[in-house]
Number of protein chains: 2
Amino acid sequence: MNSKNKHQLNPRISADCVVFGFDFSQLKVLLIEREQVEGFDISLSLPGDLIFEDEDLDMAANRILNELTGLNDIFLEQVGAFGNPDRLSKASDKAWLKAVRQKPEERVVTIAYYSLVNMNNYQPQASSFAKTACWIPVHEISELAFDHYTIFQVALKKLKDKIKTQPIGFNLLPEKFTLSQLHKLYEVILGRDLDKRNFRRKMLKLKIVESLDEKQEGVPHKPSQFFKFNEENYTQLIQNGYDNFGF
Amino acid sequence: MNSKNKHQLNPRISADCVVFGFDFSQLKVLLIEREQVEGFDISLSLPGDLIFEDEDLDMAANRILNELTGLNDIFLEQVGAFGNPDRLSKASDKAWLKAVRQKPEERVVTIAYYSLVNMNNYQPQASSFAKTACWIPVHEISELAFDHYTIFQVALKKLKDKIKTQPIGFNLLPEKFTLSQLHKLYEVILGRDLDKRNFRRKMLKLKIVESLDEKQEGVPHKPSQFFKFNEENYTQLIQNGYDNFGF
């Protein structure tokens with residue numbers, strides 16, 4: 001690495017993040033509003049920016065997400081690279097790039113990441129060129145800047161596939177959760193009903209959740225038992241060759 | 001036809017391909033020998049090169065693979081982007097880049113692909129900067145140029161995961177195959193024994209293979225029935241929500 005490259009922007013490579021959250025009823029994605037450019041409406045986009053010359057792709061995704069939304073130290077995994085030569089060619093995107101980038105005409109290939117956060121724990125804090133950062137329900141997302149809608153769709157597909165074989169969904173929940181909340185999370189991500197009793201039985205039989213000596217408080221129904229994720233048992237299960245939760 | 005004269009190279013983004021083949025007993029990867037640079041041994045690498053400014057990533061991977069190995073029109077799927085800032089810093093790699101690239105110092109992020117081919121149908125034809133192209137058994141691969149060994153490992157992991165949920169393995173076989181060959185393919189990719197009778201029963205029950213009115217000829221054992229992949233039944237299965245073959 002050449003020292004003159006330290007913290008210089010790489011004009012041709014960016015990182016974009018699809019951050020998923022779950023508010024106990026809906027799956028949401030964290031989007032930012034870019035500052036308005038004359039003649040164009042404000043557009044929503046994924047948090048993303050150019051990487052630095054001296055940073056790894058994963059590091060770049062973490063830094064950029066932190067700069068734009070305040071999020072830090074969260075589960076982030078690569079979705080893939082998106083490099084259609086026309087991906088920056090919408091008029092509104094070109095106008096915006098012209099206002100903020102040193103080389104607005106450069107072709108940029110973006111490396112997309114997806115992330116799962118416990119949104120009940122986190123207040124979005126927009127900064128840098130993000131005017132606001134907000135949680136939008138997945139089914140309300142229709143148009144985004146650049147090719148971000150395509151990236152969002154691919155990331156959602158990845159989440160759906162992954163939750164069947166890995167317990168990544170726990171990243172979307174608080175440390176303590178009820179089995180109803182976990183059940184709802186799986187239904188919302190997979191987009192279909194799951195038999196509640198079978199679901200509970202499966203989770204308990206696999207021993208990847210364990211009950212806590214604690215119940216919900218101040219709820220308008222019979223308080224439910226709290227559970228937590230048992231990572232040790234999960235790791236053991238995987239080491240023994242188990243790799244499908246059968247949803 | 002030298003298309004390189006017509007298109008400009010993007011000096012910062014490349015595509016590399018992990019091409020898997022199956023010779024009915026071992027899983028192999030197609031590697032190329034780069035031309036030798038003074039003072040360094042010939043090194044093996046994945047087929048890969050810089051992309052053109054005006055081509056999509058998938059198109060680039062196809063073109064590059066074709067230029068270096070003669071392969072054309074095959075199953076190719078993205079593995080992901082690899083962008084460690086030090087990925088090109090081995091002395092032998094630097095010497096080679098200096099000999100062949102216009103901007104050998106440039107940081108390059110590579111987009112990796114994996115591919116499955118019926119190697120029994122294909123004679124590697126090295127060209128461009130590939131001196132030779134050869135099939136190397138997966139367990140004999142230890143050191144490769146750049147970060148290609150890491151890329152190979154990630155691609156192999158992806159193949160192992162994917163074969164459990166999608167019938168991509170058929171791309172590695174001739175159109176007509178025996179159930180023993182299919183069974184061996186799964187064992188070799190997953191790296192463990194699978195009960196032969198259960199395997200056959202499962203494949204036949206799911207109806208994703210269908211028997212042909214044809215048997216092997218000139219084999220030193222009782223000739224086996226030939227089968228072919230039934231894509232229509234597979235598609236139907238997936239549409240009905242089936243997504244795990246339980247291996």
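**A helix pair in chain B**

Modeller: In chain B, the axes (lines fitted to C-alpha atoms over the stretch in contact) of helix α4 (residues 179-190) and helix α5 (residues 196-206) come within 10 Å and cross at roughly 110°, so α4(B) is roughly perpendicular to α5(B), a term for angles of 65 to 115 degrees. This is a predicted model, in which local features need pLDDT of at least 70 and side-chain atom pairs pLDDT 80 or more, whereas totals for chains, interfaces and linings use all residues. Residues are numbered from 1 along each chain as its sequence is written, with chains lettered from A and ligands numbered from 1 in the order written.

On the α4(B) side the contact (C-beta atoms within 7 Å) is made by B:L179, B:L182, B:H183 and B:Y186, which meet B:K196, B:F199, B:R200 and B:M203 of α5(B). By class, five of these residues are nonpolar, one is polar and two are charged.

Elsewhere in chain B, helix α3 (residues 148-162) holds B:T150, which is partly exposed because 14 other C-beta atoms lie within 10 Å, between the limits of 12 or fewer for exposed and 20 or more for buried.

In chain A, the domain assignment gives domain 1 (9-162) and domain 2 (173-239), whose centres, taken over C-alpha atoms, are 30 Å apart. Nine residues of domain 1 of chain A are in contact with eight of domain 2 of chain A, and the domain 1 side of that contact has four nonpolar, four polar and one charged residues.

Note on methods:
Helix = DSSP H or I, 4+ residues; strand = E, 2+ residues; numbered from the N terminus. Domains from an automatic or database assignment. Contact = placed C-beta atoms within 7 Å. Nonpolar A, V, L, I, M, F, W, Y, C, P; charged D, E, K, R; others polar. Axes fitted to C-alpha atoms, helices over the stretch in contact; angles between N-to-C directions. Parallel < 35°, antiparallel > 145°, perpendicular 65-115°, else oblique.
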